[in-house]
Amino acid sequence: MRDSPLDLSPDCTAAVLTQALPYIQRFSGATVVVKCGGSTLGATDASNEGLARFAADVVLMHSVGIRPVVVHGGGPQIGDMMQRLGLQPRFVDGLRITDAETLDIARMVLVGQVNREIVSAINDHGPLAVGVSGEDAGLITARADRPELGFVGTVASVNTAIIGRLLDENLIPVVSTIGADTAGQALNINADAVAGTLAGALGAAKAVFLTNVEGLYADPSDPNSLISATTASDLEEMIVAGAIGGGMIPKVQAAVHAVRHGVVSAHIVNGTTAHVLLLELFTDAGVGTMVSEGQQNS
């Protein structure tokens, strides 16, 4: 018999499973949108242990009746490819400035590399995952409404028909966030924004945003100021006050959008923590920062 990687006693193992049971029952049949990025999947980890752990957690969710939808970015991989080609990434408000050459790189990396790696890692456990681009079947219609960002889109609408069909077939959609405008022009879209919009459109029970910090801090310089629970209104006030900045802005805006459009709760958690999805979904304590429309329970 193999040793348990957590080295739990039989009593501890039983306690963990007992604690998980009501959550498994509660979320069976529910859709959960999970947004992951390159930094949380071990983009610089040659062993791919981070990606393998993530894939195993998604498969476990699927195995107990949850309907996971994975939305991914790939910023570190895009940046790495740009540097290999002698290009310097530039950002505004946490969003990548995307000229025509950068768009080609983003499309190649997101659709052709990162998506395939996630699909392959999930499918190591069985024929479960299907890769989908935002351009496929009109999934994401976008518009380029910030000229200073170039070929960067904001989500205008989503057509969830293809995602719904895949979920109904008991499959796991893995979405790369290249969309197209009404004229067919491809646009690079922030993955957090796609995940928040898609979660609302699908009527998801939860939207989970994996990042490389523990969650949202009241004071980013103070590790003891983690906000464990907050509301959409409070986050909107923090953005206006300038208390949230940089790459955290799109995540917070996406979480707010999700709960404003019917998602019960959104969660910003540290995706580099082993099995963080399972800790968030199946334990009493939860982790990271939970966002709700009002004073709701997760």
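**Close-up 1. The buried residues of helix H8.** In helix H8 (residues 248-260), Met-248, Ile-249, Pro-250, Lys-251, Val-252, Ala-254, Ala-255, Val-256, Ala-258 and Val-259 are buried, where buried means under 20% relative accessible area, exposed over 50% and partly exposed in between, with a 1.4 Å probe and protein chains only. Helices here are DSSP runs of H or I with at least four residues, strands are runs of E with at least two, and both are numbered from the N terminus. Since 10 of the 13 residues of H8 are buried, this helix is largely enclosed by the rest of the structure. How far apart are the end C-alpha atoms of H8? They are 18 Å apart, which agrees with the 18 Å that its 13 residues should span at 1.5 Å a residue; the expected span is 1.5 Å times one less than the number of residues. After H8 comes Gly-262, with a positive phi near 100°.

A word on the model: this is a predicted model, in which local features need pLDDT of at least 70 and side-chain atom pairs count only at pLDDT 80 or more, while totals for chains, interfaces and linings use all residues. Residues are numbered from 1 along each chain as its sequence is written, and side-chain values use heavy atoms, with hydrogens and water left out.

**Close-up 2. Helix H7 beside helix H8.** The axes of H7 (residues 232-240) and H8 cross at roughly 150° and come within 10 Å; axes are lines fitted to C-alpha atoms, for helices over the stretch in contact, and angles run from 0 to 180 degrees between N-to-C directions. That makes H7 roughly antiparallel to H8, because angles over 145 degrees count as roughly antiparallel, under 35 as roughly parallel, 65 to 115 as roughly perpendicular and the rest as oblique. Look for Ala-232, Ser-233, Leu-235, Glu-236 and Ile-239 of H7, which meet Val-252, Gln-253, Val-256, Val-259 and Arg-260 of H8.

**Close-up 3. Helix H2 against helix H4.** Here H2 (residues 49-63) packs with H4 (residues 100-123) at an angle of about 60°, their axes 8 Å apart. That makes H2 oblique to H4. On the H2 side you will find Leu-51, Phe-54, Ala-55, Val-58 and Val-59, and these meet Glu-117, Ile-118, Ala-121 and Ile-122 of H4.

Close-up 4. Leaving aside neighbours within four places in sequence, Val-58 is in contact (heavy atoms within 4.5 Å) with Pro-68, Val-70, Ile-122, Ile-172 and Leu-277. For scale, Val-58 and Leu-216 are 158 residues apart in sequence and 23 Å apart in space, C-alpha to C-alpha.

**Close-up 5. Asn-188 in strand E10.** Asn-188 has its place in strand E10 (residues 186-189) and, at 9% relative accessibility, counts as buried. Which residues does Asn-188 touch, not counting those up to four places away in sequence? They are Thr-98, Leu-103, Ala-106, Leu-110, Phe-151, Val-152, Gly-153, Thr-177 and Ile-178.

**Close-up 6. Helix H6, largely enclosed.** In H6 (residues 191-202), 10 of the 12 residues are buried, so the rest of the structure largely encloses this helix. Among the buried residues are Ala-191, Asp-192, Val-194 and Leu-202. The end C-alpha atoms of H6 are 16 Å apart, in agreement with the 16 Å that its 12 residues should span.
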